[in-house]
Amino acid sequence: QVQLVESGGGLVQAGGSLRLSCAASGIIFRIYTMGWYRQAPGKQRELVAVITSGGATDYEDSVKGRFTISRDNAKNTVYLQMNSLKPDDTAVYYCNADRRGGFTANYWGKGTLVTVSS
């Protein structure tokens with residue numbers, strides 16, 4: 001049974017920091033591309049950051065220079081360090097595991113709420 005469990009969300013003032021974690025189980029974590037998505041009220045889910053199995057990263061433009069995605073394959077965990085948070089960052093943040101090539105699989109966590117107050 002695959003599980004992606006996010007943690008680390010909460011309420012923070014603008015300018016503050018949070019670190020999200022996503023612990024994966026039931027998958028061969030190291031071969032998956034891991035991503036963080038977010039969905040704000042009334043908006044579509046959007047990709048925030050992604051890290052490939054090889055460690056390459058990419059970010060949505062509005063978070064570049066503020067957010068950092070990383071992974072620890074020994075702990076089956078992906079992180080999102082969020083600094084200089086803005087009210088526009090308020091959203092439910094979801095962890096995603098994606099595999100393409102050889103076999104295809106895609107899994108989602110249930111999300112963790114981040115609220116940034118002004």
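Author: This is a predicted model. R45 lies over the face of Y94, at 3.7 Å from the ring centre.

Reader: What about W108, where is R45 relative to that ring?

Author: R45 lies over the face of W108 as well, at 4.6 Å from the ring centre.

Reader: Now ring on ring. How many aromatic pairs are there in the whole structure?

Author: A search of the whole structure gives 3 aromatic pairs. One of them is Y32 with F103, with 6.4 Å centre to centre and 65° between the planes, and that pair is edge-to-face.

Reader: Where do Y32 and F103 sit in the chain?

Author: Y32 is in the loop between β3 (18–25) and β4 (33–39), and F103 is in the loop between β9 (91–99) and β10 (105–108). The pair therefore ties together parts that are 71 residues apart in sequence.

Reader: Is Y32 buried or exposed?

Author: Y32 is buried, at 4% relative accessibility. F103 has a relative accessible area of 39%, so F103 is partly exposed.

Reader: And how are the rings of Y32 and Y107 placed?

Author: Their centres are 6.3 Å apart and their planes are at 45°, so the pair of Y32 and Y107 is tilted. This pair also links distant parts of the chain, since Y107 is in strand β10 and Y32 in the loop between β3 and β4, 75 residues apart.

Reader: How accessible is Y107?

Author: Y107 is partly exposed, at 28% relative accessibility.

Reader: Which residues do the ring pairs link into a cluster?

Author: Y32, F103 and Y107.

Methods:
Residues numbered from 1 in each chain as written. Predicted model: local features only at pLDDT ≥ 70, side-chain atom pairs only at ≥ 80, totals over all residues. Heavy atoms only, no water. Phe/Tyr/Trp six-rings, centres within 6.5 Å; stacked < 30°, edge-to-face > 60°. Helix = DSSP H or I, 4+ residues; strand = E, 2+ residues; numbered from the N terminus. Buried < 20%, exposed > 50% of the residue type's maximum accessible area, 1.4 Å probe, protein only. Lys NZ or Arg CZ within 6 Å of the ring centre and 35° of its normal.
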